[in-house]
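Visitor: I would like to learn how to read a model like this one. Please take me through it feature by feature.

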Amino acid sequence: MKGLSKDRLWSIAVLTPSIILIAVFVYGFIARSVYVSMTDWGNDPAQALALNPIIRWVGFTNYQDLFTGFLQGRFRQELVSTIFFTLFFILGCLGLGLGLALILDRNPRGEGLWRTIFLFPMSLSFIVTGTIWRWMLQPEGGVNQAPTLFGGQSGTFAWLSSTDAILKFDWNKLPLLTASVVGLVLVVMAVRAARSGDRTRTLVAGACAALLFLWALFIGPNVKLLPAPELHGFNLALIGIIIAAVWQMSGYTMALYLAGLRGIPEELREAAKVDGANDLGMYQHVIFPLLAPITLSAMIVLGHISLKIFDLVYAMAGPDNIATSVPALNMYLTSFRQNQFALGAAIGTILLILVAFVIVPYLASQFRTEEGHA
Amino acid sequence: MKKALLLAAALAVTTSASAAGKLEIFSWWSGDEGPALEALIKLYKAKYPSVTVDNATVSGGAGTNAKAVLKTRMLGGTPPDSFQAHAGQELIGTWVVAGRMEDLSGLFKSEGWNKVFPKDLVKLISSKGGTWSVPVNVHRSNVMWYNPAKLKAWGVTAPKTWPEFLKTCSTLKAKGVAAPLVVGENWTQQHLWESVMIGTIGAANWENLWAGKLKFTDPKVVGGFTTFGKVMDCANKDASGLSWQQASDRIISGQSAFNVMGDWAAGYFTTTKKLTPMGGFGWAPAPGTTKTFVMLADSFGLPKGAKDRAEAMNWLKILGSKAGQDAFNPLKGSIAARTDSDLSKYNTYSRSAAADWKSNKIVGSLVHGAVAPESFTSAFGAIIDQFVASKNSAGAAAAAQQLAVRAGISK
């Protein structure tokens, strides 16, 4: 019984409560939500809030409803909005954060003060940020009035209330688009594998890509998810929300990048200089590659924030504004205003899967490196 | 030792208090509406001095927060003794169908309320042979507000029908008014929609719609959607960023000519903006709805399993009494649901509304919970939003019909 030393017993005793708590309150509830999402709880108003509701198992009907149901166009628009939001939010934060960090890295005067100023928005909650930006983005408020300070015309852009959308596509083409994107990824994988000389991999990836493309060419166009075309795109009203979110979180990426920049040993820079690198070359070949892991962690953190975002949108555009709505908001309204608990749980489960797409690969790579160190 | 004694004394006090009776009232009336509720509580305390009243207010516009708290309390098995809900289907479609409310028709009979409340109103708060809540106040939703001086300057009058409205709209547009009609965020658009729909299909068809006798896909209703689309073409493009107060401000400033909003706008104009009725602001029934009173009401119900049932019944009696309604409504800016209220206590606008209340056909408001359960209203908001963007009447009507089937309104 080498394993059961006193230390081990202690650690087991100390850890057990939290393991039990997490098992019940995290994984147990996740399982419960997934179960509820496959029932019809709430579809019948008479049963939704009854003392002993009759709940029936309906399998994936709720999911089918969300993706192809006539009434759930709002949810589909929200999924598309979330993708665009995540993309622009991460790009904005990374770009602005890196820019600020590079400036601060040059040790300007009053660096500490600037650092505080840039990091400050992060100390506010999204609700506060949202309320402030809501005022500034009013049709006749702050930002639109700014040009008049310099004698210009006041702007007319409807920041949060625009109903225009760009980059529209028909939801019916979604299987086609997905197949094409996955196919392209597979092609890239095949090419990479071919370069590194891995024949089986090349063949498998290539064959899968070919199959997908064949499907996309011949069967995909005939798959109709919806009876009528339904256009979804990037709603311009989201721009205001993206600005506010970037304003809030870019200080965080700046801090990360600044720490990364400061962590690069001076010797490396000097060595690069000795080797004849100019400023641009040094950034391109020495500094940016060293910052890559930081970019990855920033992307993970920002990515899951943006997928779950709720409070900022609620504060800025209100809960009933389809053009700016996000799945988390819809989940809340569906469950607690419409009492459609099963449908709400289904939206929650989809959100969980989306977040898992971002988090799990990251966690996996983290564990692998930790094991590598150990 | 001293501490223990004090504790015992405190315990004794609380137990004696609970013996004398307790009453918990759950509402979302805080802020501006708080004093009106306080007036009711004062009346109750004067009559039942031994009862401790616990005013459990959860603040938040239109009860969004309160309703979520209420849901957790009801599902958790600790219902408040009496809680506020919009009268009609919002309560019936949520709590009555779930078998969580007590039937109050006995109370209506013993207090003689069937005679003093209008028949149309009693019909709206009844279902399945029961009457489910006591309305304390009445608001009117189909009112069109305008600025009399501005209308004169533009040389137009308040239109009487929606086709006439569209004509007035193009006249005003020709005179350089970019948005003759002002609307605000989503719910105010739903609010406008119901006035347009009632003004187009008529009050009787509106009732049929919610009784499941008329389908949303009926050409009449589709036509209503089309009219609504044309009316929205007269409206401002920045709607979703405006609260109803900000929308009303544009009437006063003359940026827009008309606004369809409930009669709480009268309170906003007189109290906050210090304007005189028919001087600084004017009103008319929404086009096509003359002689129709689209109503919404706040009401209190009695949940099954209330801890202090007797006290709650007494509370409901106060709410429905003439004294209770006349104490509450002048402060709240609404009118009494009873037809025998003391009109001298009300302002000019309220008096005209009270007169209409007695003589007009009464139908329920959709957006304020009288004719449809919350599950319908909330999802219908999304349909309106999509419609305003796409202007596809047939599609919106078909979607609304599916929603109605899902909510159990239609088959």
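Visitor: What share of residues 233–259 of chain A is helix, and how far apart are the end C-alpha atoms?

Guide: Helices (H or I, at least four residues) and strands (E, at least two) are DSSP runs, numbered from the N terminus. Residues 233–259 of chain A are 81% helix and 11% strand. The end C-alpha atoms of that span lie 37 Å apart. This is a predicted model, where local features need pLDDT of at least 70, side-chain atom pairs count only at pLDDT 80 or more, and totals for chains, interfaces and linings use all residues. Residues are numbered from 1 along each chain as its sequence is written, chains are lettered from A and ligands numbered from 1 in the order in which they are written, and side-chain values use heavy atoms, with hydrogens and water left out.

Visitor: Which residues of chain A does UniProt annotate as "transmembrane region"?

Guide: UniProt positions are given in the numbering used here, feature names are shortened, and annotations may be inferred rather than shown by experiment. The unreviewed entry lists residues 12–30, 83–104, 116–136, 174–191, 203–221, 233–259, 286–307 and 341–364 of chain A under that name. Take residues 174–191 of chain A: 100% helix, 0% strand, with end C-alpha atoms 26 Å apart. UniProt (unreviewed entry) also places "domain: ABC transmembrane type-1" at residues 79–364 of chain A. That span is 71% helix and 4% strand, and its end C-alpha atoms lie 26 Å apart.

Visitor: How many helices and strands does chain A have?

Guide: Chain A has 15 helices and two strands. Its C-alpha atoms fill a box of roughly 80 × 75 × 55 Å along the principal axes. Of the 374 residues of chain A, 40% count as buried. For contacts, look for heavy atoms within 4.5 Å. Among contacts in chain A with a separation of 6 or more, 73% join residues 24 or more positions apart.

Visitor: At what angle do helix 3 and helix 4 of chain A pack?

Guide: Axes are lines fitted to C-alpha atoms, for helices over the stretch in contact, and angles run from 0 to 180 degrees between N-to-C directions. Under 35 degrees counts as roughly parallel, over 145 as roughly antiparallel, 65 to 115 as roughly perpendicular and the rest as oblique. Helix 3 (residues 61–68) and helix 4 (residues 73–105) of chain A pack at about 75°, with axes 6 Å apart. Helix 3 of chain A is therefore roughly perpendicular to helix 4 of chain A. D65(A), L66(A), F67(A) and T68(A) in helix 3 of chain A meet F75(A), R76(A) and L79(A) in helix 4 of chain A.

Visitor: Is W57(A) buried or exposed?

Guide: W57(A) counts as exposed because its relative accessibility is 57%. It sits in the loop between helix 2 (45–48) and helix 3 of chain A. Leaving out residues up to four places away in sequence, W57(A) touches Y35(A), M38(A) and T39(A).

Visitor: And G318(A): buried or exposed?

Guide: G318(A) has 9% relative accessibility, so it counts as buried. G318(A) is in the loop between helix 13 (311–317) and helix 14 (327–336) of chain A. Beyond neighbours within four places in sequence, G318(A) contacts R134(A), V313(A) and L329(A).

Visitor: How do I check the length of helix 2 of chain B?

Guide: The expected span is 1.5 Å times one less than the number of residues. Helix 2 (residues 34–47) of chain B has 14 residues, so it should span 20 Å; its end C-alpha atoms are 20 Å apart, which agrees. Its buried residues include L37(B), L40(B), I41(B) and Y44(B). The buried residues of helix 2 of chain B pack against strand 1 (22–27), strand 2 (52–57), helix 15 (309–320) and helix 16 (322–332) of chain B.

Visitor: What is the phi of M278(B)?

Guide: Most residues other than glycine have a negative phi. M278(B) has a positive phi, near 65°. M278(B) lies in the loop between helix 14 (264–272) and strand 10 (282–285) of chain B. K291(B) is not a glycine, yet its phi is positive, about 70°. K291(B) lies in the loop between strand 10 and strand 11 (292–296) of chain B.

Terms used:
Buried means under 20% relative accessible area, exposed over 50%, partly exposed in between (1.4 Å probe, protein chains only).
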